[in-house]
Amino acid sequence: MRTSLLKGLILSICIICGISTTYAEEQRLLSDSATVSLLTCSPGTEIYELFGHSGIRVFDKEKNIDVTFNYGLFDFNQDDFIYRFVRGKTDYEVGVTSTDYFLHTYIERGSGVMESVLNLTQSEKESIWLYLMENIQPENKTYRYNFIFNNCATKLRDIFDQNVSGVKSYPDVSGSLSFREAVGLYTKTSPWSQFGVDICLGRGMDRDATTYEKMFLPEILGNTINQSTVMVGDSTFNLVSQINTINENTLENPAPFISPLALGIILCVLVLILSLYGLWKKLDLRWFDAIIFSINGLFGCLVLFLILFSKHPFTFANFNIIWLNPLFFCPLLFVIFKRLQKYEFIYYAIVSIVLVLFLFGSNMLSQEFNDAVYPFTIIFLLRALSYVINWGYRLDAQKEHTLS
């Protein structure tokens, strides 16, 4: 009796397990041969392409799946896009498309594309797949973009962190770099973009980035993942099982017609000549000063706006406000309201002192400045000093007239 009951129980367990196994195989999200890969695309020439791009590819031949998830989607036609971008309140989206379609743009423009096939268990592949499928739902697909801490590359880094078991070890593939130096690796062929970054982002950019933080750049993310290891129990294995070159990089970034530094030097020489000629001929250059100082003041307003209102990282403490200053609108006020001209000497004397201190003391500030900052600063110093010197000449002439 007991023997027959035991046999019946064993038989029942076997039947149930057999049914459960068959059911699980039928419900499996991805086949055993499926792969999950990191796609790394090298930079393009447009300002929003300079840092490259990343995507996650899921390939399953048995289930006819070959799609890429892209966390870099945005729409220039969004309401108030430029204003929201400056404020650091730009929303990006994640989307999914066929891998062929994703690759087409990068291959057509000549960018290199590298595929890093991840060394994952079946459950890790399916965990990532479920995570991605949940992310592309309409209620989940939008996220608040952050240039450094929440972008198309950091999103993928975080997905791997959350869905791959074990202790990850990320090597430092780029050496010690500040955030500014890391960005500079990709803007060196676009000096105007670098100039803009250096003006808009303050001293926080000069903090050394950790290995984990440097993965905000797609190529550094790809190179880091390629050399990373995972420890599970007593076993250690590579995070990437295979690296494929899908397309070689043939893209060349043309040098600009003129760099900010070259333009700054040329304008500085021209302003020096004009200032000397103006002193010699005793010319009234108030309108010239009103124009160039007002241009400075406009950029100063942008810097001040970023300091006070932007949510972008590293805009708060920005010493560029010293030489790009909203108060540089004052020369325009001196032209419009002549009764204010009695304050010109004091104003230009203060400006001269501040700019001299900036030029000689900038290396003591905890912020790196773009080389082009210095000739542009000298331009405004020359004009301020010209007025102070000219005022001295006028004062001497008045004394001589009084004595005579």
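Trainee: Which residues of helix 4 are buried?
Mentor: Gln122, Glu124, Lys125, Glu126, Ile128, Trp129, Leu132 and Asn135 are buried in helix 4. Buried means under 20% relative accessible area, exposed over 50%, and partly exposed in between, with a 1.4 Å probe and protein chains only. Helices (H or I, at least four residues) and strands (E, at least two) are DSSP runs, numbered from the N terminus. Keep in mind that this is a predicted model, where local features need pLDDT of at least 70 and side-chain atom pairs count only at pLDDT 80 or more, while totals for chains, interfaces and linings use all residues. Residues are numbered from 1 along each chain as its sequence is written, and side-chain values use heavy atoms, with hydrogens and water left out.

Trainee: What do those buried residues of helix 4 pack against?
Mentor: They pack against strand 1, strand 2, strand 3, strand 4 and helix 5. Contact here means heavy atoms within 4.5 Å.

Trainee: And which residues touch the most other members of the largest nonpolar core?
Mentor: Val58, Phe160 and Ile225 do, in a core of 50 residues. Such a core is a set of buried Ala, Val, Leu, Ile, Met, Phe, Trp, Tyr and Cys residues joined through side-chain atoms within 4.5 Å. The elements giving two or more residues to this core are strands 1 (35–41), 2 (53–60), 3 (65–73) and 4 (91–98), together with helices 4 (122–135), 5 (152–163), 6 (179–187) and 8 (218–226). Helix 5 supplies the largest share, 5 residues.

Trainee: What is valine 58 in contact with, leaving aside neighbours within four places in sequence?
Mentor: Its partners are Leu30, Thr35, Val36, Ile65, Asp66, Val67, Phe69, Trp129 and Leu132. There is also a second, separate core of 27 residues, which includes Val303, Phe328, Val351 and Phe380.

Trainee: Switching topic, how many salt bridges does a search of the whole structure find?
Mentor: It finds 13. The criterion is a side-chain nitrogen of Lys or Arg within 4 Å of a carboxyl oxygen of Asp or Glu. One is between aspartate 198 and arginine 180, with the closest N and O atoms 3.0 Å apart. That pair links distant parts of the chain, 18 residues apart: aspartate 198 is in helix 7 (residues 191–200) and arginine 180 in helix 6.

Trainee: Are aspartate 198 and arginine 180 buried or exposed?
Mentor: Both are buried; arginine 180 has a relative accessible area of 7%. Arginine 180 also meets aspartate 206 in a salt bridge (2.8 Å, N to O). Aspartate 206 lies in the loop between helix 7 and helix 8, 26 residues apart from arginine 180.

Trainee: What about aspartate 284, which residue does its side chain meet in a salt bridge?
Mentor: Arginine 286, at 3.0 Å from N to O. Aspartate 284 counts as exposed because its relative accessibility is 56%, whereas arginine 286 counts as partly exposed at 22%. Elsewhere, Arg57, Asp66 and Glu115 are linked in a salt-bridge network.

Trainee: Last one: in what order do the strands of the 3-stranded open sheet run?
Mentor: The order is 7-8-9, with antiparallel pairing. Two strands pair if DSSP finds at least two bridges between them. Strand 7 (167–169) and strand 9 (235–238) are the edges, each pairing on one side only. Strand 8 (residues 229–232) pairs with strand 9 over 4 bridges, and valine 232 stands opposite serine 235 in strand 9.
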